[in-house]
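Biologist: Could you put the model up on the screen? I'd like to ask how you back up the words you use for it.

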Amino acid sequence: MKGLIQRVSCASVDVDGQRIGEIDHGLLLLLGIERDDTSAIADKLLKKVINYRVFSDSDDKMNLNLQQVGGGLLIVSQFTLVADTQKGLRPGFSNGASPEHGKAMYDYFVEQAKQQHPCVQTGKFGADMKVSLLNDGPVTFLLEAN
């Protein structure tokens, strides 16, 4: 499981012209799910996402996490994040989860996030989404849990 987090001033996701998720200050998480991912791996990544210190403290050091700044978390499924790009000029997706497993893991991740953090918004698994964001920094990190 891979999570690309971006510290944002705001972010939103639209499906079919409708806004379905939106946050102000916080993190946009692009979540890539692999075929062997489990709930234990999801729990490990979620703990990292929520506690990763990417927000500035009073000394302008990245020392605060999402909960400490009261930020929102926008979770968007992103199967291309787990693509194999080592060879050739076309990505391979053999490491990606099946649609059924991917949806089950995404739903689990979102449910756990909502239990652990007060402001969670989401995209729609498998949909053609339009994601907008204003990256703050820019600050972007690839987190992995496996």
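This is a predicted model: local features need pLDDT of at least 70, side-chain atom pairs count only at pLDDT 80 or more; totals for chains, interfaces and linings use all residues.

Biologist: What does the C-alpha trace span along its principal axes?

Modeller: About 45 × 35 × 35 Å.

Biologist: And what is the chain built from?

Modeller: Three helices and eight strands. Starting at the N terminus, you'd read the elements as β-β-β-α-β-β-α-β-α-β-β.

Biologist: Let's zoom in on Q6. Where does it sit?

Modeller: Q6 is part of strand 1, which covers residues 2-15.

Biologist: Why is Q6 called buried?

Modeller: The cut-off for buried is under 20% relative accessible area. Q6 has 12%, so it counts as buried.

Biologist: Which residues is Q6 in contact with, leaving aside neighbours within four places in sequence?

Modeller: Among them are G26, L27, L28 and L30, and also L133, N135, V139 and T140. Contact here means heavy atoms within 4.5 Å.

Biologist: How much of the whole protein counts as buried?

Modeller: Of its 146 residues, 40% do. The protein exposes about 8,100 Å², with carbon and sulfur atoms supplying 47% of that.

Biologist: How much of the contact set comes from residues 24 or more positions apart?

Modeller: They account for 74% of the contacts with a separation of 6 or more.

Biologist: Last one: how many charged side chains are there, positive and negative?

Modeller: There are 15 positive and 18 negative ones, and the centres of the two sets lie 4 Å apart.

Key: Residues are numbered from 1 along each chain as its sequence is written. Side-chain values use heavy atoms; hydrogens and water are left out. Helices (H or I, at least four residues) and strands (E, at least two) are DSSP runs, numbered from the N terminus. Buried means under 20% relative accessible area, exposed over 50%, partly exposed in between (1.4 Å probe, protein chains only). Accessible areas come from the Shrake-Rupley method with a 1.4 Å probe; for residues, only the protein chains shown count as cover. Lys and Arg count as positive and Asp and Glu as negative; His and the chain ends are not counted. The place of a charge is taken as NZ of Lys, CZ of Arg, CG of Asp or CD of Glu.
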